[in-house]
Amino acid sequence: SSAVPDTQQPNYLYESCQQAESSRLRSFCLSYLSSVFDLATGLGTVMALSSDDDLRHGKAWTLSACQPNEAVGLATIRQVFLSWVEKHPAQLHQSSLTGVISALREKWPCGAVPRNSPDK
């Protein structure tokens, strides 16, 4: 038995994302991906704008992805996730949330956050 319920494992989400467009599982996939995309990119925006250096470089930053410069549709987000799973099958032990955020961060990484250092 797994520590993560079946519906929260990337394999389940991956399989759901591969279903026919009219299926309920495909709708689940797109809703989940959309929600995580909004969460990750919203958090990325907050982190990038934060003046608190510790916050920007802490654990919350690892949950974020940077907003792409172009508009991104659900089909693109779906393909980013599917490609990530195919590229990183060893990561399927994680939760779906971690997997989707990892996929988003790989596709739309945040640039180096400048540190306010008067020395350099």
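The protein has five helices and zero strands. From the N terminus on, the order is α-α-α-α-α. Helices here are DSSP runs of H or I with at least four residues, strands are runs of E with at least two, and both are numbered from the N terminus.

A word on the source. This is a predicted model, where local features need pLDDT of at least 70 and side-chain atom pairs count only at pLDDT 80 or more, while totals for chains, interfaces and linings use all residues. Residues are numbered from 1 along each chain as its sequence is written, and side-chain values use heavy atoms, with hydrogens and water left out.

Now the overall numbers. The protein has 120 residues, and 34% of them are buried. Buried means under 20% relative accessible area, exposed means over 50%, and partly exposed is in between, with a 1.4 Å probe and protein chains only. Next, contacts, meaning heavy atoms within 4.5 Å. Take the contacts with a separation of 6 or more: 64% of them join residues 24 or more positions apart.

Let's go to helix 4. Helix 4 has 14 residues and reaches 20 Å from its first C-alpha to its last. That is close to the 20 Å expected at 1.5 Å a residue. The expected span is 1.5 Å times one less than the number of residues. Which residues of helix 4 are buried? They are Ile77, Arg78, Val80, Phe81, Leu82, Trp84 and Val85. Their cover includes helix 1, helix 2 and helix 5.

Take helix 2 against helix 4. Helix 2 covers residues 24–49 and helix 4 covers residues 74–87. Their axes come within 10 Å and cross at roughly 90°. Axes are lines fitted to C-alpha atoms, for helices over the stretch in contact, and angles run from 0 to 180 degrees between N-to-C directions. Helix 2 and helix 4 are therefore roughly perpendicular. The cut-offs: under 35 degrees is roughly parallel, over 145 roughly antiparallel, 65 to 115 roughly perpendicular, and the rest oblique.

Who touches whom? Helix 2 brings Arg26, Cys29, Leu30, Leu33, Ser34 and Phe37. Helix 4 answers with Leu74, Ile77, Arg78 and Phe81. The residues of this contact split into seven nonpolar, one polar and two charged. Nonpolar covers Ala, Val, Leu, Ile, Met, Phe, Trp, Tyr, Cys and Pro; charged covers Asp, Glu, Lys and Arg; the others, Gly among them, are polar.

On to helix 5. Helix 5 has twelve residues and reaches 17 Å from first C-alpha to last, close to the 16 Å expected at 1.5 Å a residue. Buried in helix 5 are Ser96, Gly99, Val100, Ile101, Ala103 and Leu104. These buried residues pack against helix 1, helix 2 and helix 4.

Helix 4 and helix 5 also cross. Their axes come within 9 Å at roughly 100°. That makes helix 4 roughly perpendicular to helix 5. From helix 4, the contact uses Ile77, Val80, Phe81, Trp84 and Lys87. From helix 5, Gly99, Val100, Ser102, Ala103, Leu104, Glu106 and Lys107 take part. That contact divides into seven nonpolar, two polar and three charged residues.

Stay with valine 100, which lies in helix 5. Is valine 100 buried or exposed? Buried, with a relative accessible area of 1%. Leave aside its neighbours within four places in sequence, and valine 100 is in contact with Leu13, Tyr32, Leu33, Val36 and Phe81.

Last topic: aromatics. Rings of Phe, Tyr and Trp (its six-membered ring) pair if their centres lie within 6.5 Å; planes under 30 degrees apart are stacked, over 60 edge-to-face, and the rest tilted. The count is three aromatic pairs. Tyrosine 12 and phenylalanine 28 pair edge-to-face, at 5.7 Å centre to centre and 65° between the planes. Tyrosine 12 lies in helix 1 (residues 10–17) and phenylalanine 28 in helix 2, so the pair ties together parts 16 residues apart in sequence. Tyrosine 12 is partly exposed at 28% relative accessibility. Phenylalanine 28 is partly exposed too, at 31%.

Phenylalanine 37 and tryptophan 108 are also edge-to-face, at 5.8 Å and 75°. Phenylalanine 37 sits in helix 2 and tryptophan 108 in the segment after helix 5 (96–107), 71 residues apart. Phenylalanine 37 is buried at 7% relative accessibility, and tryptophan 108 is buried at 9%. Finally, Tyr12, Phe28 and Tyr32 form one aromatic cluster.
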